Each structure stands twice: as C-alpha cells, then as structure tokens.
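Subject: The two-chain structure, handed over with notes

Hi there,

Here is the structure I promised to pass on to you. Please open it alongside this email, and then read on for what turned up.

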Amino acid sequence: MTTKILIPLSAVVAAILVWTHVPVAEAIAGLALAFVLPGYALVGVLFARRALGAVERLVLVPALSLAVAVLGGLLLYVSGIRLSGVSFALFAAGVTVVAAAVGEFRARRTGEAVEGAPGLREAVSRVRADWRSASWRTRTWRWVAPALVSIVLLGAAGWISLGSAHTQERASGVTQLSMLQTGTGLDRQVSLDLSTRNADPEQYRIVVRGSADFQASFAPRLGADATWSRDIALPIGGRVTADLYRGAEVTPYRSVFVDVT
Amino acid sequence: VTATIVAPPEAPDAHRTRRGGSRRNALPVGAVVMLSTLGVLCVAIGYAAGRTGAAYGMVWYWIGQALVFLPIMIRVLSGPLTQTRAFALVAALTINGYALKWTYSPDQLRFSDELQHWTATGTVMRTGSLFQPNDALPAAVHFPGLAEMGAAVSTMTGLSLTASAFIVAGILHLMCVAAIFVLIRACGGSPRLAALTCVVYATGLHFLFFDSMYVYQTAALPFLVLTFWALRRWGTPHGPIAWSGFAVAGLVSILMVTISHHVTSLVMLAALVGFAAIERSRRSVIAAAVAFAVVAIWIGAVAPEVISYLAQPFTGMFGSKAGNGSAGGSPVWILLVQAVGIIGLVIVFLAALRREVRRRRRVAEAADDATGTDAPRPAGVTGVDAWWLAALGGGLLFFLGGGLRLIGSSGPELAARAATFTYIPLAVVVAAVILSGPRRRLVAGGVLLAVLAVGARLGGWPPSWELLPGRYLAAGAERSIDPQGIAAASWTERYLGPGNRIAADLSGWTLTSSYGRQNPVGDVAQLYDSPRWTDADAELADRLGITYLWVDKRLATSTPPTATLFYGDPRTGERTSPMPLANLTKFDDAPGISKVYDDGAIVIYRLGAPE
C-alpha cells in the first residue's frame with residue numbers, strides 16, 4: 001500500500017504545495033521531499049524486503065534523498081534548467097514516483113513484496129508490541145515521561161539561547177553614516193545615508209561642508225531600524241565632509257568625507 | 001563470508017552476572033537520555049550567562065558538558081544493550097551534541113567556515129546555477145554538494161537560508177554517526193560495540209563543531225562511512241536485488257563524497273586503495289577502481305585548481321610562520337590534558353596490537369600444526385579479519401597524523417583535520433579493546449573517555465578562550481562576528497556592490513566575504529602596522545588592487561587572543577597587545593583616501609576616486 005499509492009501521491013502533493021507556496025505546509029512538504037520521500041522510494045527499489053535492518057534504513061532514507069537533491073541538481077544544471085524550489089521539488093517528486101513504479105513492477109515480476117521500508121515497519125511493530133506488553137506505569141516512566149521531558153528540556157535550552165542572543169543583539173545599537181559620490185563633473189553629487197538599529201527614536205543633525213563655503217544642514221529624526229537618504233548636488237569639487245550630531249551634542253558622533261571630482 | 005564480530009571479541013558478561021546482573025541495575029535508557037538532555041539546558045544557561053559576561057557561565061557549561069556525555073557513556077559501558085537501546089543512546093548523544101553547537105549561536109551562523117558555505121548556498125539560490133565564483137572560499141565552487149543541499153531545502157521549504165543550514169548540518173551529522181553505527185553492526189559488532197565506537201568518536205577534537213558545522217566536510221563524511229558500509233554489505237549474500245542495491249548505494253556514496261568535499265574524496269580514495277591492498281578481494285578492488293575513476297574525472301575535469309589549493313597547507317608547513325587565522329596554540333595545561341588522553345589512546349592501541357600479534361601467532365601455529373610448515377599461506381586477508389586490520393591501520397594513521405602538530409604553522413590544523421577521518425577506525429579499536437577486558441578495564445576506559453572528552457572541549461573548537469559566546473573580541477573568531485560588523489558588511493554589498501577588492505583584518509575578511517560578498521585581500525598587515533600612511537603603503541595597495549579599506553577601531557581596545565590579526569600576518573604570535581589607535585585613524589589624514597562609511601567602530605575608506 002505505502003509504495004503503491006501513498007508515497008508517490010505524497011510526493012506529488014508535496015511538489016504542488018512547494019509550487020503554490022502554501023505557508024507551513026510548504027515547509028513540511030519541502031522537508032519531506034528533501035529528506036524522506038525520494039530516499040524511501042529508492043530504498044524500496046534497491047533493497048529486498050529483508051536485506052536491511054531498521055537503523056540502516058533510517059540512515060539510507062535521508063542519505064538517498066539528499067543524493068537525489070545533489071545529483072539531481074547537477075543534472076538540472078547540465079540541462080540548463082534553473083535551480084529553484086520548483087525544479088528541485090519536481091525532480092524529487094519525479095524520482096519518487098518513478099522509483100515507486102519500478103518497485104511495484106519488480107514486486108509483481110518477482111512475486112516479492114518490495115515495500116518502502118519494511119525494516120522500519122517491523123521495528124515500529126516491535127516497539128508497538130513491546131508497548132502493549134508493558135504495563136501502563138512502565139510505559140509512562142520508562143518512555144513517555146523521559147521523551148516528553150527531553151523535548152521540553154531541548155525546547156527550554158533553545159528558548160534561553162535564542163532569547164539571550166536576541167537580547168545581546170538588541171543591546172548593540174548601530175548607527176551608520178555613509179557618503180558616496182554618485183555623479184561627477186557638472187552632475188557631481190554625493191549620496192548621504194543615515195541608518196540606525198537602535199531601540200529608541202532619536203533626533204539627529206547632519207552638517208555637510210564643502211569647498212567654497214558650501215554648507216547644508218539636515219535634521220532627521222529616526223526611529224528603530226530606520227534609514228534616511230539624501231542626494232546632494234555640489235557646485236564645485238574638492239573635499240566634502242558630513243558630520244552627524246546627536247541631539248544637542250557639539251562633537252560629531254559620526255563623520256565621513258569624500259574627495260569629489 | 002559470515003561476519004561474527006570485529007576482533008577482539010567482547011568479554012563475556014560473567015563479571016556482571018556475578019554481581020547480580022548489571023543490566024538490571026543500569027539506569028533505564030529513557031532516564032539516561034533525559035539526564036543527557038538536561039546537560040544541554042545547563043550549557044544553554046552557561047551560554048546565556050556568557051553573553052552577558054556573567055562569571056558563573058563556565059560552571060553551568062562544565063556541568064552541562066558532563067551531563068550530556070557521561071550518563072550515556074556510563075550506560076553504554078555498564079552492560080549489554082539491544083540494538084534499539086544502543087541506537088537510541090547514540091542518537092541522543094549526537095542530537096544533544098548538535099544542540100550544544102546550535103545553542104552557541106542559535107540566531108545566525110558565526111563560524112567563518114560556515115559563513116563561507118552560507119555565501120556559496122546563497123549564490124546558488126540567487127543565480128539558480130552551480131559553479132559560480134565565491135570569493136569567500138574559491139575551492140568550494142567546484143564542490144557544490146552542500147550548497148545544493150542547503151539551496152534545495154531552503155527553496156523547497158521557504159525557510160531562511162540560515163534555518164535550512166542548521167537543519168541540513170544537523171541531519172548530516174546524525175547520519176554520519178548513524179552510518180558509523182551501522183558499519184560496525186555490518187562488520188558483526190554487537191550493538192554495544194557499535195554504540196561505544198560512536199561514543200569514542202564523540203570524544204574527537206572536531207566532533208562537536210567542525211563535524212557538525214554547515215561546511216562541506218560535514219556533507220561528505222556520512223557518505224564516506226556509507227561507502228565502506230556498502231562495500232561491507234555488498235559481500236554479504238542477500239539475493240540479486242540487494243546485491244545490486246548495495247553496489248548502487250556504494251556508487252552513490254562515492255559520487256556524493258566526490259561532489260561534496262575534496263579532502264574527504266582523497267581520503268576515501270586512499271582508504272579504499274589501502275583496504276583493497278589488505279583484503280585483495282574483487283569487490284574491494286572494483287570499489288577502489290571506481291572511486292579512483294570518479295575522483296580523477298571530477299578533479300581533472302571540474303576542479304583542477306583544487307590541487308594547488310590543497311598543496312598550500314603542506315608548503316606552509318615548511319614555510320613562514322605567517323598566520324592563517326586559525327586559533328593558534330593552546331595553553332600548556334590544556335595540552336597536558338590532551339597529552340594524558342593521547343597517552344591513554346596509545347596504551348589502548350598498543351594493547352590491541354599486542355593482542356593481534358598474539359592471535360596471529362596462535363592461528364599460524366595452529367595452521368602449521370594442521371598442514372605442515374611448508375604449506376603455502378593465503379595471499380590476502382579475508383572477511384572480518386581485513387576490516388579489523390584496516391581499523392588498526394587507520395588507528396596507526398591517527399598517531400602518525402598527530403605528528404604533523406610538530407611541523408610548521410599549519411601543522412596543528414592539519415593534524416586536527418586528519419584526525420576527523422583517522423579517529424573513526426581508532427574509535428573502533430578503542431571500543432573493542434575496552435569491551436574485551438574485565439570490569440576494571442571498563443572503568444579505566446570510562447576514565448580515559450572522560451579525559452578525552454574534556455581535552456576535546458578544551459582543545460577543539462571553539463577555542464578555550466571562547467568556550468562561551470560573549471561580547472565583541474578583536475580578531476576573536478565567532479566573538480568578533482557581531483551586529484555592528486554584520487551591518488557594516490551588509491552595507492558594502494548594498495551600497496558598493498559585490499566583488500570589490502577590500503583590505504581587512506581577520507573578522508573583516510570573514511564578514512565582507514560573506515555578508516558583503518566582497519573580494520577580501522590577505523597579506524595586508526603592512527597597511528595597518530604603522531601610525532603613518534606611506535608611499536610604500538599606497539604602492540602595496542595599488543599592487544594588490546585594493547579599492548576599499550576596512551578599519552575596525554576596536555582592534556585598539558583588546559588584545560587578539562590568537563596573537564594574530566590578518567590572513568598571512570607576518571607578526572603572528574607577536575601581537576600581544578592591542579593595536580595602537582593611531583595606526584587605525586591615520587587614514588583620516590592620508591591623501592587621496594575618502595572615508596565613506598562610519599558607524600563609530602568600523603570605518604570604510606575608499607582609495608582614490610570612483611571610476
């Protein structure tokens with residue numbers, strides 16, 4: 001049943017979900033196409049029913065799936081097809097469908113039930129049998145509780161790490177002042193940019209000075225993750241300096257200069 | 001050939017059953033896994049403390065590291081295991097180990113090698129094409145396996161490139177350890193031997209970080225092991241379908257290794273040739289020949305430049321002391337801890353050799369008794385014997401590779417990189433010796449593994465001075481990849497466009513080549529090493545085609561922990577104090593230089609006028 005219908009059908013549905021960019025479903029479908037479905041179908045084709053153990057199949061399913069992505073990517077590249085989510089997905093789904101069909105054909109010809117991952121199913125069956133034979137208390141204390149606690153602990157570790165990393169990043173505010181010459185000769189001009197990644201809005205003052213007493217002032221107020229830009233035409237070449245001041249400060253907070261031609 | 005066990009055989013459980021059966025007394029696997037996972041939480045608390053500069057972080061770190069490793073090691077040593085339980089322990093150790101790596105930098109990739117491959121993957125996604133130039137790591141252009149994996153996952157799932165990289169690296173790392181597990185099982189090893197081999201491998205210098213980073217070696221390693229697994233299983237009778245299946249799996253693995261990583265493909269080739277020489281069977285010769293053909297065709301037709309790239313570290317061994325940006329030497333006390341572990345490994349290895357020599361002598365004497373001394377001896381070594389000999393040979397290479405540490409500036413890094421491969425066969429030998437002895441050997445083995453694990457945490461990656469993540473550190477590897485640097489590097493891509501020749505210190509080099517997609521230049525220490533901009537500096541910059549200068553004024557605030565600041569730094573080892581601030585502000589007064597970017601710490605200068 002699995003190889004006949006479920007696996008190729010899943011691959012086709014997954015490729016459609018990748019194509020249509022359905023949120024969340026796209027991620028699940030993409031992960032299945034990248035790590036599970038092609039490898040699962042190929043294991044069914046390459047190996048007889050009892051040739052592999054459960055752990056071997058667990059390794060081979062993602063390994064062959066990734067091989068499909070890599071070798072398929074090379075094939076697509078050589079064929080002049082752009083590598084994208086859709087082309088990767090269609091290739092992986094195609095391999096899955098063809099592999100499932102070959103597996104089914106071979107199963108009918110040899111009379112052997114070649115299925116996707118029988119070793120895996122047998123292992124699951126064994127675990128299920130163990131589960132049924134164990135008492136409720138044993139099940140809870142030996143398997144369910146440790147598994148749940150482990151998941152919670154890993155989640156807590158991730159939450160703490162992500163939280164502290166984000167806090168550290170937020171604490172390090174960045175204020176960038178830049179100036180680049182964007183025109184020369186009669187069209188000479190500079191592009192002035194100010195951007196901040198600070199948590200709180202702030203009032204700034206920018207003073208631009210150039211040759212022949214050229215001067216211009218700006219007073220942008222920037223919030224968090226904001227950018228301010230201005231193109232400034234210059235009447236004459238020479239060094240142009242832009243000084244950035246915070247609030248009423250008299251010492252430049254940032255300073256850039258460009259020798260304009 | 002029917003495999004029985006990787007020699008030497010495990011000791012019977014007599015010493016355990018005399019005490020009433022340790023299996024009954026051993027902790028349940030679920031509880032062991034839970035304890036190990038608790039260690040991840042402790043380390044995460046330590047990392048969080050490190051980010052704030054709190055001193056107690058290191059205590060949590062070591063408690064956590066002990067909890068992650070020791071319960072699993074003790075459970076594996078304490079008694080027989082079913083395959084399911086053994087694999088559950090190995091999987092838990094690997095997943096928890098990977099969680100330690102992820103929680104170190106959970107929001108973004110910070111390791112320079114990872115950023116190089118992050119850039120390569122981004123290029124595949126952006127261009128939809130392979131073999132595109134990558135100034136961050138030119139050699140990786142010709143080995144696109146990992147970039148394809150990352151691009152496939154990211155584009156198919158819609159997840160960010162960084163999240164996809166974390167997922168791909170984690171699954172590859174788990175695949176690698178699981179592949180070692182199934183290889184030992186395929187060679188007839190018990191579940192417990194397979195599990196202990198993986199536990200020993202987890203004490204390797206690079207297990208926690210380099211072997212689980214988003215780097216091309218991580219992509220190639222599991223397929224390297226799977227090549228040998230397929231070779232082993234190819235010889236076992238399972239009918240025509242399975243026979244061809246193992247052959248195809250082996251061929252696919254050889255292709256994947258070759259497409260993914262140059263060094264691993266050469267190691268694979270050497271190992272297959274070596275194994276064919278030992279076993280002299282038809283299948284091993286075929287496997288070596290196929291690997292030779294695939295690797296030769298790939299390197300010859302696709303990646304000829306890699307030959308000179310791979311030659312660089314070897315020429316560097318006998319050349320100058322110029323730094324390459326690696327972590328530098330370790331403190332003496334760390335080297336002592338590592339030395340104790342290495343001595344332990346030598347003792348275990350010698351025990352294995354002695355046992356093997358005795359066994360062979362006994363077998364020879366028995367054969368002579370049976371057939372007479374004039375009877376011809378078989379030409380090759382067959383069956384499990386060949387695999388055991390290969391493990392011993394690989395283990396010997398581990399110690400020979402360790403000798404590289406003593407040679408030149410590239411020696412320590414080369415030795416550590418070589419150990420990634422040679423530690424696999426050595427792990428088999430160590431595990432087999434530990435399990436084949438009496439109870440006291442199990443205890444001694446446990447102590448040895450604990451020492452090795454501590455040595456690996458101290459002497460591996462991240463280096464001892466950044467075991468915990470923390471605030472910015474000049475030329476501090478991951479500690480210098482901070483929001484300010486990332487913002488500046490991103491600015492270069494957005495405002496200057498990619499591919500500019502830019503001079504930078506070590507962290508600037510990493511940032512501009514990855515986030516900035518620039519073409520950073522090495523050997524530029526001279527430009528930063530004096531308080532005045534001279535004609536010689538201008539001439540050097542012109543000769544190197546430098547358009548922009550990346551100047552991080554924070555280099556004047558702290559001493560670089562590796563005593564080096566630049567790629568190809570001629571003063572490697574001599575930078576034992578912060579760089580004078582005048583060296584970094586001199587560019588403000590230099591003629592013909594424009595200051596185009598300033599964020600307070602990082603300043604970017606343009607040399608000459610725009611074209």
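Predicted model: local features only at pLDDT ≥ 70, side-chain atom pairs only at ≥ 80, totals over all residues.

You will find B:R192 in helix α9 of chain B, which covers residues 191-201. With a relative accessibility of 3%, B:R192 counts as buried, because anything under 20% does.

Another residue of chain B to look at is B:N134. Its place is the loop between α6 (112-127) and α7 (145-157) of chain B. B:N134 has a relative accessible area of 7%, so B:N134 is buried too. Its side chain reaches the backbone nitrogen of B:A136 at 3.0 Å. Leaving aside residues up to four places away in sequence, B:N134 touches B:Q116, B:T119, B:A120 and B:V141.

Now to where the chains meet. On one side 79 residues of chain A take part, in contact with 90 residues of chain B. Together the two chains bury about 6900 Å² between them, and 71% of that is on carbon and sulfur atoms. How many salt bridges does the rule find across the interface of chain A and chain B? The count there is one. A salt bridge joins the side chains of A:E56 and B:R233, with N to O at 2.8 Å. Polar contacts across the interface of chain A and chain B come to 22 residue pairs, with both residues at pLDDT 80 or more.

Seen from chain A, the elements that give two or more residues to the side touching chain B are α2 (25-35), α3 (37-46), α4 (54-78), α5 (85-110), α7 (136-171), β1 (175-183) and β8 (254-260). The largest share of that side comes from α7(A), with 19 residues. By residue type, the side of chain A that touches chain B divides into 48 nonpolar, 18 polar and 13 charged residues.

Strands pair between the chains as well. β1(A) is joined by two bridges to strand β4 of chain B (residues 593-598), and these strands run antiparallel. To find the place, look for A:L177, which stands opposite B:D598 in β4(B).

Turning to chain A as a whole, its secondary structure comes to seven helices and eight strands. Of the 261 residues in chain A, 46% are buried. Among contacts in chain A with a separation of 6 or more, 57% are between residues 24 or more positions apart.

Finally, a hairpin in chain A is worth a look. It is formed by β3(A) and β4(A), with five residues between them. In the turn, A:A212 has a positive phi of about 55°. Strand β3 of chain A (residues 202-209) pairs with β4(A) over four bridges in the antiparallel sense. One position to look up is A:R209, whose bridge partner in β4(A) is A:Q215. Which residues make up the covered face of strand β4 of chain A, and which the uncovered one? In this strand (residues 215-218), A:A216 and A:F218 form the covered face, while A:Q215 and A:S217 form the uncovered one.

Happy exploring, and do write back with any questions.

Best wishes

Notes. Residues numbered from 1 in each chain as written. Chains lettered and ligands numbered in written order. Heavy atoms only, no water. Contact = heavy atoms within 4.5 Å. Buried area = accessible area lost by both parts, 1.4 Å probe. Salt bridge = Lys/Arg side-chain N within 4 Å of Asp/Glu carboxyl O. Polar contact = N/O pair within 3.5 Å; in protein donor to acceptor, adjacent residues only side chain to side chain. Nonpolar A, V, L, I, M, F, W, Y, C, P; charged D, E, K, R; others polar. Pairing = 2+ DSSP bridges. Buried < 20%, exposed > 50% of the residue type's maximum accessible area, 1.4 Å probe, protein only.
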